[in-house]
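Work through the exercises below with the sequence and the model open beside you.

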Amino acid sequence: MTFTHLSKGYRQRVGLSQAILGDPEVIILDEPSVGLDPKQIIETRDLIRSLGESHTIILSSHILSEVSALCDHIMIISRGRLAASDSPAGLQRLMSGSMELQLTVKGAKEQLQTVLETVPGVASMEMLTEVREDFSRIKVVSMENTDIREELFYALSEARMPIMEMEVSEKSLEDIFLELTQDGECSEPRQRRGRLSGGRRRKKDAPEDAAEAMAEAEMAGKEDN
């Protein structure tokens, strides 16, 4: 049976086998889990994680849940330009200006709103569907770069309104991707300053390197003459 007669999933696995056959230092994978069944996807991701311990893996994928699960550094490209470059946690910090909390509190919603209006740092609030008659649920958004959880705790404790649940809503990689690419405009890429790990230079340093190499080549030619 030839390669072209194999199913999509088998072709993906054969391609992955070819990529690692020579034990290269850098392995480039393009959508490695497309066409695989759920069991094969888990096995492939486990293999990629194990390869990442001793190899540099460059993974290109539109499956953002896979990127989040496998990658320790993410580069988002929009319209051919670099829109962001950072670790998953770094992207979260860059894109999360305000904090969004969902609270379930024991007590009346009118009293809850009154208490929250006194908490410094609260930018907005929105009542949510009640889970029980004596419980109130509310979404609270903080001001820019403000952690209001401790202030909320003390304010509600003083009002004798127990917090039954507090959940921080974090942006997923899908949310970050859409926010960076939806307008189609990319200015300066959002990333940490400095060079990549291992002393490798960022791409923008390449023209200077090329000019230096050309200058050295010309000097070598003059010395030979």
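## Salt bridges

**Exercise 1.** Determine how exposed Glu 126 is, and then describe its salt bridge with Lys 139.

Glu 126 is partly exposed, with a relative accessible area of 41%, where buried means under 20% relative accessible area, exposed means over 50%, and partly exposed lies in between (1.4 Å probe, protein chains only). Before going further, note that this is a predicted model, in which local features need pLDDT of at least 70 and side-chain atom pairs count only at pLDDT 80 or more, while totals for chains, interfaces and linings use all residues. Residues are numbered from 1 along each chain as its sequence is written, and side-chain values use heavy atoms, with hydrogens and water left out.

The next step is the partner: Glu 126 forms a salt bridge with Lys 139, and the closest N and O atoms are 3.4 Å apart, the criterion being a side-chain nitrogen of Lys or Arg within 4 Å of a carboxyl oxygen of Asp or Glu. Lys 139 lies in strand β7 (residues 135-142) and Glu 126 in strand β6 (residues 122-128), so the pair ties together parts that are 13 residues apart in sequence. Helices (H or I, at least four residues) and strands (E, at least two) are DSSP runs, numbered from the N terminus. Lys 139 is likewise partly exposed, at 23% relative accessibility.

**Exercise 2.** Which residue forms a salt bridge with Glu 66, and is Glu 66 buried or exposed?

Begin with the location, which is helix α3. Glu 66 is buried, with a relative accessible area of 1%. Its salt-bridge partner is Arg 45, with the closest N and O atoms 3.3 Å apart. Because Glu 66 lies in helix α3 and Arg 45 in helix α2, the pair ties together parts that are 21 residues apart in sequence. Arg 45 is buried as well. Not counting residues up to four places away in sequence, Glu 66 touches Pro 32, Ser 33, Arg 45 and Ser 61, contact meaning heavy atoms within 4.5 Å.

**Exercise 3.** How far apart in helix α2 are Asp 46 and Arg 49?

They are three residues apart, which means a separation of about one helical turn. Their side chains meet in a salt bridge (3.0 Å, N to O). Asp 46 counts as partly exposed at 44% relative accessibility, and Arg 49 counts as partly exposed at 38%.

## Core and confidence

**Exercise 4.** Which elements each supply at least two residues of the largest nonpolar core?

First identify the core, which has 18 residues; Leu 29, Cys 71, Ile 74, Ile 76, Leu 91, Leu 173 and Leu 180 touch the most other members. A nonpolar core is a set of buried Ala, Val, Leu, Ile, Met, Phe, Trp, Tyr and Cys residues joined through side-chain atoms within 4.5 Å. The elements are β1 (26-30), α2 (38-52), α3 (64-70), β3 (74-78), β4 (81-86) and α7 (173-181). Apart from this core lies another, of 16 residues, including Leu 116, Ile 138, Val 140 and Ile 148.

**Exercise 5.** Over which residues does pLDDT stay under 50?

Start from the whole protein, whose mean pLDDT is 78, with 78% of its residues reaching 70 or more; pLDDT is the predictor's confidence in each residue, from 0 to 100. The stretch in question is residues 192-225, for which the model has 15 contacts beyond four places in sequence.
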